[in-house]
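Please look over the protein shown here together with its ligand. The report after it is meant to be read alongside the sequence and the model.

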Amino acid sequence: MSPTVVSRGTVTIDVERCKGCELCIPACPPGVLHMSSEVNRTGYRYPRLSPGCTGCQACHAVCPDYVFEVYKYDRPQLTEVSPGPVPAVGGAE
Ligand code: SF4
Ligand code: SF4
């Protein structure tokens, strides 16, 4: 059976604005942001979102380049994640 992760919000990520500073990665309380292996047009890696966002806005607050827009869901969304060597997904509540 696949584990289920609860998301209470989501973010948009304007990857072309990102300067790759990585401040958002440790700032995310449930740890659902990780850096891409690809780079944007200016050559910087950027964050990607895994399921489990709480909509807390910490990423928006810490990012110097206004990369994130944060949205809260009216109702929590459930996502089944595959077990295995995929990056660990935090935020299970
Ligand atoms: S804090 Fe902003 S600029 Fe820095 S890596 Fe995260 S999204 Fe990119
Ligand atoms: S809104 Fe909060 S939980 Fe969602 S990605 Fe940003 S810091 Fe993480």
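Predicted model: local features only at pLDDT ≥ 70, side-chain atom pairs only at ≥ 80, totals over all residues.

Residues are numbered from 1 along each chain as its sequence is written, and chains are lettered from A and ligands numbered from 1 in the order in which they are written.

The protein has two helices and four strands, taken as DSSP runs (helices H or I of at least four residues, strands E of at least two) numbered from the N terminus. Along the sequence they are arranged as β-α-β-β-α-β. Of the 93 residues, 22% are buried, that is, with 20 or more other C-beta atoms within 10 Å of their own, whereas 12 or fewer counts as exposed and anything in between as partly exposed, with C-beta atoms placed from the backbone.

Around ligand 1 there are 13 residues, among which C18, C21, C24, C63 and V67 come nearest; a residue is included if its C-beta atom, placed from the backbone, lies within 6 Å. The table divides this shell by class.

| Class | Residues around ligand 1 |
|---|---|
| nonpolar (Ala, Val, Leu, Ile, Met, Phe, Trp, Tyr, Cys, Pro) | nine |
| charged (Asp, Glu, Lys, Arg) | three |
| polar (the others, Gly among them) | one |

K19 lies in the loop between β1 (4–13) and α1 (24–27), and is partly exposed because 15 other C-beta atoms lie within 10 Å. Leaving aside neighbours within four places in sequence, K19 is in contact with Y44 and D65, contact meaning C-beta atoms, placed from the backbone, within 7 Å. K19 and D65 are 46 residues apart in sequence, yet 7.5 Å apart from C-alpha to C-alpha.

How values were computed: Contact = placed C-beta atoms within 7 Å.
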